[in-house]
Amino acid sequence: MLSLVTVSTTRLPIFDESTTVVSAPGAGPGNWAGAPSAVWADGAYWLAYRVRRPLDAGRGVAVVVAHSTDGVRFEPRVRLHREDFGAESFERPALTPLPTGGWRLYLSCATPHSKHWWVEAIDAPTPDELPAGRRHPVLAGDAESAFKDPVVVVGEPWQMWVCRHPLDVVGSEDRMSTWYATSDDGLAWRLEREVLRGRDGMWDARGARVTTLLDPVDGLFLYDGRATVGQNWYETTGLARQVNGRLNAVPSQPTLRSPFATGAFRYVCAVDVPGGGTRFYFEAAREDGAHDLRTVLVAPPQAS
């Protein structure tokens, strides 16, 4: 068994101690449950995740919102279908309670017959009412930019780290970097700047996507990336630190990966647990190449 990696005052998750929360919808590559977004609110865990099938069976077919009291056993509450949004596929959602009451779900939507993605939001009084909630355009993108997989932090201002795919080179639309945006209400966003991109010759050369804010005091983030186009959908996870408004990879830390198949270990989400510690959710490859949604509870480091 590997020991947990410790950096600053934070311990990072590894596969070995984790538990399956949602199994893939089928066996074999392309069957994935994951891309999680989780929060602790109203005395419970709320989790939104994407269900995906292989390319010939529909890609990202739905986003599920589920509820749990222990963070491991979840009850699905609602299921949102891509067809209801005119999307060819879904990718990572972002779920958050609103400071004025109610809930918001951000959806990553693929434009049919293209490489373009857009982000829209749904507001509802409760998570159970999200399928019939009020829809808002958030990041439309354009002919040169696709946006998806937002990480949203509510505050003054609201903050978003969002994955941008450049569409200027046909056949290379998988490239990705992370952009930072701010908002007064979480709906109208100001794209400020690119803050993280891959490094030539490194494990993240093809792209770098922020997946969670790990420690706002120390400016630590987790992000996933890959070295080649052939590793698309099989990203592994590394650590970045914010310096002067930009994120820099922490090369002294190992990448987090599954011990199985492609090693995919991606879309990590960190949730602070009442009483201390962090519960991590992530999507990871299993032996047959499918991806499960997994979780691990990590206690804070012991004081020396």
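This is a predicted model: local features need pLDDT of at least 70, side-chain atom pairs count only at pLDDT 80 or more; totals for chains, interfaces and linings use all residues.
1. Aspartate 174 lies in a loop. The loop connects β13 (158–166) with β14 (177–183). Relative accessibility here is 9%, so aspartate 174 counts as buried. The cut-off for buried is under 20%.

2. **Aspartate 174: partners.** The side chain of aspartate 174 makes a polar contact with the side chain of arginine 206, at 2.8 Å. Arg206 is also on the list of contacts beyond four places in sequence.

3. **Strand β20.** β20 covers residues 265–272. Six of its eight residues are buried, so the strand is largely enclosed by the rest of the structure.

4. β20 pairs with β21 (residues 278–285). The sense is antiparallel, with six bridges. Aspartate 272 has threonine 278 of β21 as its bridge partner. Five residues sit between the two strands. In this hairpin, glycine 275 adopts a positive phi near 90°.

5. **The open sheet.** Four strands form an open sheet in the order β8-β9-β10-β11. Pairing is antiparallel. β8 (94–97) and β11 (134–139) are the edge strands, and each pairs on one side only. From one strand to the next, the twist averages 25°.

6. **β10 against β11.** Strand β10 spans residues 117–124. Five bridges link β10 to β11, and the two run antiparallel. Across this pair, alanine 121 stands opposite histidine 136 of β11. When viewing the strands, recall that side chains in a regular strand alternate between the two faces of the sheet.

Terms used. Residues are numbered from 1 along each chain as its sequence is written. Side-chain values use heavy atoms; hydrogens and water are left out. Buried means under 20% relative accessible area, exposed over 50%, partly exposed in between (1.4 Å probe, protein chains only). A polar contact is a pair of N or O atoms within 3.5 Å; within protein, one must be able to donate a hydrogen and the other to accept it, and residues adjacent in sequence count only if both atoms are side-chain atoms. Contact means heavy atoms within 4.5 Å. Two strands pair if DSSP finds at least two bridges between them. Axes are lines fitted to C-alpha atoms, for helices over the stretch in contact, and angles run from 0 to 180 degrees between N-to-C directions.
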